[in-house]
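Q: I have a sequence and its model open side by side. Can we walk through how to read the fold?

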Amino acid sequence: MLVAEAVGRALAAMGVDTVFGLMGSGNLAVTNALRDAGARCYGARQETGAVCMADGYARVSGRLAACSVHQGPGLTNAVTGLTEAAKSRTPLIVLAAEMPGAAVRSNFRIDQVGLVEAVGATAERVHGPASAMADVARAVRRARIE
């Protein structure tokens with residue numbers, strides 16, 4: 001099983017039943033794993049809209065929602081919606097892959113943690129297979145409590 005598949009299944013097991021987003025190569029496996037674990041998936045035309053959909057869903061339902069976007073430019077497109085959700089303290093998980101360390105010339109490489117934290121959100125990483133479940137649990141706890 002891929003780490004992304006385990007992460008998707010763990011998020012569903014921890015109560016994420018709805019995910020909004022745009023599909024890309026970086027988020028395909030985790031989004032499919034959420035869907036396969038029973039989460040409803042809704043596509044958006046643009047990443048800010050996807051985050052705003054998740055934000056609205058979480059506010060109205062009181063449930064933890066997720067948004068899945070492509071790494072790099074997909075995440076930069078999501079920042080306006082993410083800023084609103086962070087400032088409103090909406091419990092929300094945004095899933096975005098990161099480029100491998102060896103992909104130093106990729107146009108998808110940006111400082112994703114710096115970007116997310118600059119707008120008041122909290123970045124949590126899945127550090128690897130051994131810590132993936134603990135990493136997911138930490139992110140869910142922070143989204144719900146902080």
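Q: Which strands does helix 3 lie across?
A: First, a caution: this is a predicted model. Helix 3 covers residues 47-61. It lies across strand 1, strand 2, strand 3 and strand 4. Against strand 3, helix 3 runs at about 170°.

Q: In what order do the four strands sit in the sheet?
A: The order is 2-1-3-4. The sheet is open, and the pairing is parallel.

Q: Which strands are the edge strands?
A: Strand 2 (40-43) and strand 4 (92-96). Each pairs on one side only. From one strand to the next, the twist averages 25°.

Q: How many bridges join strand 1 and strand 3?
A: Three, in the parallel sense. Strand 1 spans residues 18-21, and strand 3 spans residues 65-69.

Q: What describes two packed helices?
A: The angle between their axes and the distance between the axes. Now take helix 3 and helix 4 (residues 73-87): their axes come within 7 Å and cross at roughly 30°. Angles under 35 degrees count as roughly parallel, so these two helices are roughly parallel to each other.

Q: Is the crossing of helix 3 and helix 4 left-handed or right-handed?
A: Right-handed. Helix 3 makes the contact with Glu47, Thr48, Val51, Cys52, Asp55 and Arg59. Helix 4 contributes residues including Gly74, Ala78, Leu82 and Ala85.

Q: How do the residues of that contact divide into nonpolar, polar and charged?
A: Five are nonpolar, five are polar and four are charged.

Methods:
Residues are numbered from 1 along each chain as its sequence is written. This is a predicted model: local features need pLDDT of at least 70, side-chain atom pairs count only at pLDDT 80 or more; totals for chains, interfaces and linings use all residues. Side-chain values use heavy atoms; hydrogens and water are left out. Two strands pair if DSSP finds at least two bridges between them. Axes are lines fitted to C-alpha atoms, for helices over the stretch in contact, and angles run from 0 to 180 degrees between N-to-C directions. Contact means heavy atoms within 4.5 Å. Angles under 35 degrees count as roughly parallel, over 145 as roughly antiparallel, 65 to 115 as roughly perpendicular and the rest as oblique. A crossing is left-handed if the near helix is turned anticlockwise from the far one by less than a right angle, and right-handed if clockwise. Ala, Val, Leu, Ile, Met, Phe, Trp, Tyr, Cys and Pro count as nonpolar, Asp, Glu, Lys and Arg as charged, and the others, Gly among them, as polar.
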